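I opened my notebook beside the structure and jotted down what I looked up, entry by entry.

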Amino acid sequence: MGELARAVAVPTSTEEILSHVTTAAVELIPGVDTAGILLITPGGNFESHATTTDLPHELDQLQRLFDEGPCLAAAVEDIMVRTDDFRAETRWPAYSAAAVKIGVLSGLSFRLYTADRTAGALNLFGFEPQQWDEDARTTGSVLAAHAAAAILAHRQGEQLQSALASRDRIGQAKGIIMERYKVDDVRAFDMIRRLSQESNARVVDIAERVIASRG
């Protein structure tokens, strides 16, 4: 866990951090044979990330196909979903039968608190039935927290970059208006803001139009 914390602290890509999380889950939790992270976007797309084998992605696709399963339940409904033996699982009959058919008999899924509009889950699977004990559940919860923190940090970084880019575009548009109409920067921004309100468009979109009007 200490090595994982150091890995998260070092600047790296989100996918690398998530790979550290899923790899650690297989190494630290007895009975976990494969692991992955499922993200469900606002458009309803299922995205498999940092899978240690191909099986988690295959299971994600089965859940999308049947619209049922533990990873889906953890991502959008429950904090943790536990299945000790899919052969006796009745909550998701179609998915459970398919999981057993490909050799997955147990699972443990943890909800990721990623964002209001994006659902996610850390999903752990075993090839044998498991009595997932408190140690397994606690370790999984900590790993899920690491994964969620990495996803949130990445999203915040993207938002910051977008904000900086928007500010730069608005600054360029202000400069063009100041030169074209011989007004100061306050008046130039007021013109952009008024156009934004009148056309029901974002300020940055108006700025883009101004920049595109050069020449």
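Are Phe86 and Tyr95 buried or exposed? I found both Phe86 and Tyr95 to be buried, where buried means under 20% relative accessible area, exposed over 50% and partly exposed in between, with a 1.4 Å probe and protein chains only.

**Ground rules.** I am working with a predicted model, in which local features need pLDDT of at least 70 and side-chain atom pairs count only at pLDDT 80 or more, while totals for chains, interfaces and linings use all residues. Residues are numbered from 1 along each chain as its sequence is written, and side-chain values use heavy atoms, with hydrogens and water left out.

**The aromatic pair.** I searched the whole structure and got one aromatic pair. The rings of Phe86 and Tyr95 sit edge-to-face, 5.8 Å centre to centre with 75 degrees between the planes. For this, rings of Phe, Tyr and Trp (its six-membered ring) must have centres within 6.5 Å; planes under 30 degrees apart count as stacked, over 60 as edge-to-face and the rest as tilted.

**Overall layout.** I noted eight helices and five strands in the protein chain. These are DSSP runs numbered from the N terminus: helices are H or I with at least four residues, strands E with at least two. Of the 215 residues, 40% count as buried.

**Helix α5.** Next I followed Tyr95 into α5, residues 93-101, where Tyr95, Ser96, Ala98 and Ala99 are buried. I then asked what covers the buried residues, and the cover includes α3 (55-66), α4 (70-76) and β5 (119-126). After α5 comes Gly103, with a positive phi near 95 degrees.

**Asn123.** Asn123 is buried, with a relative accessible area of 1%. Its side chain makes a polar contact of 2.8 Å with that of Ser109. Such a contact is a pair of N or O atoms within 3.5 Å; within protein, one must be able to donate a hydrogen and the other to accept it, and residues adjacent in sequence count only if both atoms are side-chain atoms. Not counting residues up to four places away in sequence, Asn123 touches residues including Asp60, Cys71 and Leu108, contact being heavy atoms within 4.5 Å.

**The cores.** A nonpolar core here is a set of buried Ala, Val, Leu, Ile, Met, Phe, Trp, Tyr and Cys residues joined through side-chain atoms within 4.5 Å. The largest has 24 residues, and Leu122 is among those that touch the most other members. Elements that each supply at least two residues include α2 (14-28), β1 (34-40) and β4 (106-112). I traced the largest share, seven residues, to α6. Apart from this core lies another, of 21 residues, with Leu72, Ala73, Val81 and Tyr95 among them.

Last, I checked β1 and β2 (residues 46-49), which pair in the antiparallel sense over four bridges; pairing requires DSSP to find at least two bridges between the strands. Leu39 has Glu47 in β2 as its bridge partner. Five residues lie between the strands of this hairpin, in which Gly44 takes a positive phi near 85 degrees.
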